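Visitor: I would like to learn how to read the packing of helices and the lining of a pocket. Could you take me through it step by step?

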Amino acid sequence: MAARESMEEALVAEKHAQYVLSVEKKKDDLESMVMEHLRMNGAYWGLTTLDLLHRIDAVDRDQVISWILACQHESGGFGGNIDHDAHLLYTLSAVQVLALLDKLDVLDVEKVSNYVAGLQNDDGSFSGDEWGEIDTRFSYCAICCLALLHRLNKIDVRKAVSYVVSCKNLDGGFGCVPGAESHAGQIFCCVGALAITGSLHHVDKDLLGWWLCERQVKSGGLNGRPEKLPDVCYSWWVLSSLIMIDRVHWIDKNKLANFILDCQDKDNGGISDRPDDAVDVFHTYFGIAGLSLLEYPGVKPIDPAYALPVETVNRIILGSRGPSSSN
């Protein structure tokens, strides 16, 4: 018990919350400019971090909702920022944020879900946007988004699952398209899509679990592919996948927690990819999410498939009704 208490003290939760809140206020610094086209993703990363740290009430919810709706394209999808093109990556983030804020009822659900469903191809894959790039990331985005909207019936789930399975490799992992190299980020997308659709029986859990547990290096951190440096973001991609296939006991969870904590800026808040590097919202979110999966004291539990707090997923997925289909 004493060890757990000392670990809780090691997480500078309030400073991380203040860091996240400060990022949105800075409009002219380099980080803000670099993030301009990813602001919708940034909203998801930042707000989920705040919620996991019990600090979501520090946000002006009405302002956030108004901005999100201003990012919606006439197609029904959402862009990364106001006047940006719609894409599945940003559409999922928009839906996740509204789910987090318990405001899915502001959406025209049919319009959004029709946009998502319209990006499914004949082979079951999904294009990210109207320009046609195909990637298993987009399969996950579409399936997760439609599940949150209670509209999975709008797509051919059997074909979607079949396409994801076609991207499975001999090492048990998954790539971005059939025949592509296994990568921890893609594995999360594929395993997450299969978990949401009740199709995890297609995964060789021991083979994939072995590949994933080998991502842990001596420092305790996880990498995304063999021979790569550890990175805090894989504390999410690898760990969530291991949890979904019931193989998380194959890694040293304490060493991973300590790696994440070593990547904190304890003076100013925020978490970096590796110790002593510059912090950013992306790695701050994945670091806190990783600690959540590790059941770290003081951090809310997060769902490994939906990448939202468990309480949010339970409210939406297990609720008796889906969101309204009109504004």
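Guide: Let us begin with a term: contact means heavy atoms within 4.5 Å. Please keep in mind that this is a predicted model.

Visitor: With that cut-off, which residues in α4 meet which residues in α5?

Guide: On the side of α4 they are Arg-39, Met-40, Ala-43 and Leu-47, and these meet Val-64, Trp-67 and Ile-68 in α5. Sorted by class, this contact of α4 with α5 has 6 nonpolar residues and 1 charged residue, with no polar ones.

Visitor: How is the arrangement of two such helices described?

Guide: In general, two packed helices are described by the angle between their axes and by the distance between the axes. Here the axes of α4, residues 39-52, and α5, residues 61-70, come within 11 Å and cross at roughly 150°. Angles over 145 degrees count as roughly antiparallel, which means that α4 is roughly antiparallel to α5. The crossing in which α4 passes α5 is left-handed.

Visitor: Turning to the second largest pocket, about how much space lies in it, and which residues are closest to its centre?

Guide: The second largest pocket holds about 520 Å³ of space, and of the 25 residues that line it, Trp-45, Leu-89, Arg-137, Trp-237 and Phe-286 are the closest to its centre.

Visitor: Which helices supply at least two residues each of that lining, and which classes do the lining residues fall into?

Guide: At least two residues each come from α4, α6, α8, α10, α12 and α14, and the largest share, 5 residues, is from α6. By class, the lining of this pocket divides into 18 nonpolar, 6 polar and 1 charged residues.

How values were computed
Residues numbered from 1 in each chain as written. Predicted model: local features only at pLDDT ≥ 70, side-chain atom pairs only at ≥ 80, totals over all residues. Heavy atoms only, no water. Axes fitted to C-alpha atoms, helices over the stretch in contact; angles between N-to-C directions. Helix = DSSP H or I, 4+ residues; strand = E, 2+ residues; numbered from the N terminus. Parallel < 35°, antiparallel > 145°, perpendicular 65-115°, else oblique. Left-handed = near helix turned anticlockwise from the far one by under 90°. Nonpolar A, V, L, I, M, F, W, Y, C, P; charged D, E, K, R; others polar. 1 Å grid on protein atoms, 1.4 Å probe; cavity = no way out; pocket = protein on both sides within 12 Å on 5 of 7 lines; lining within 4 Å. Points joined across faces, edges and corners; volume = space filled by probe spheres on them.
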